[in-house]
Amino acid sequence: MREKLIERLDGLSTPHLADACLRTGTIVRCAPSGLRSVGQGMKCAGRVLPARHVGSVDIFLEALEAAEKGDVLVVDNGGRMDEACVGDLVTLEMANGGLAGIVIWGLHRDTSELLEINLPIFSLGAMPTGPQRLDIRSPDALAWARVGDWVVSRNDVVASDGDGTLFIAEGQLSVVIEAAEAIRATELRQADQMRRGRSFREQASFSQYLAERAKMPALGFREHLRQIGGAIEE
């Protein structure tokens, strides 16, 4: 069931999913905007495989031991900007292990090699130096990871693309995907009509909205779009 839902994520963007979260009343859990793809056009989605880094790569190797094909390694390095925690060897190991990508709340290195490996990777940036520390590891270091404001676990799915990274609880995945697919269909239809010469204002009955808002100042554009079946931004 989860695998089929994740396959459907391939045709959806993170904006589609974020809008779908709003529409369904699901908390929008976006990673901070500084977390970006290492290479152009990278995209991945999969079940979260969490790992909290304390200075040694063995935590990632141990996480891989319990991974399923298509998982996405989510590395919590505390958002540190003074060390890289994932490089080419770890990335190649994850790629060979069947993972769909890596999301790093921290930095990477070996950028040229990572681009050659071409496993989707998202991080806060690059730095040449690796860790110069070895902290005490928590017993639950593989149970959860923090990315920005959000704590994620094996009960979550992550989707990443050129617009950023988004986390969705597995229990909400089906309803969010259904809403996102409806939003995508609406946007595609609207864009097609715009290319044919029918403006978005015309499709959205914008002059009607302005007239109704003059009578009811509390009327919002989203509410108006819902009424005419063209809601896209919620």
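Helices (H) and strands (E) are DSSP runs, numbered from the N terminus. With those labels in hand, here is a short tour of this predicted model.

**Stop one: the pocket.** Select strand E5 and helix H4, which each supply at least two residues of the lining of the largest pocket. That lining has 15 residues, and those nearest the pocket's centre are Val57, Cys85, Val86, Gly87 and Arg109. Colour the lining by class and you will find 7 nonpolar, 5 polar and 3 charged residues. The space inside comes to about 150 Å³.

**Stop two: the largest nonpolar core.** Now show Phe60, Leu73, Val74, Met94 and Ile102, which touch the most other members of this 38-residue core. Several elements each supply at least two residues of the core, including helix H3 (58–65), strand E4 (72–76) and strand E6 (101–105). E5 (84–86) and H4 (88–96) from the previous stop are among them too. Zoom in on Ile102: its contacts include Leu73, Val86, Met94 and Phe122. A second, separate core has 18 residues, among them Ala20, Cys21, Ala159 and Ala180.

**Stop three: Arg154.** Next, pick Arg154 in the loop between strand E10 (150–153) and strand E11 (156–161). Is Arg154 buried or exposed? Arg154 counts as buried because its relative accessibility is 17%, and the cut-off for buried is under 20%. Display side chains here and look for the polar contact of 2.9 Å between Arg154 and Asp71. Other residues that Arg154 touches include Arg47, Pro50, Glu68 and Glu170.

Key:
Residues numbered from 1 in each chain as written. Predicted model: local features only at pLDDT ≥ 70, side-chain atom pairs only at ≥ 80, totals over all residues. Heavy atoms only, no water. Helix = DSSP H or I, 4+ residues; strand = E, 2+ residues; numbered from the N terminus. Buried < 20%, exposed > 50% of the residue type's maximum accessible area, 1.4 Å probe, protein only. Polar contact = N/O pair within 3.5 Å; in protein donor to acceptor, adjacent residues only side chain to side chain. Contact = heavy atoms within 4.5 Å. Core = buried A, V, L, I, M, F, W, Y, C linked by side-chain atoms within 4.5 Å. 1 Å grid on protein atoms, 1.4 Å probe; cavity = no way out; pocket = protein on both sides within 12 Å on 5 of 7 lines; lining within 4 Å. Points joined across faces, edges and corners; volume = space filled by probe spheres on them. Nonpolar A, V, L, I, M, F, W, Y, C, P; charged D, E, K, R; others polar. Lists of a residue's contacts leave out its neighbours within four places in sequence.
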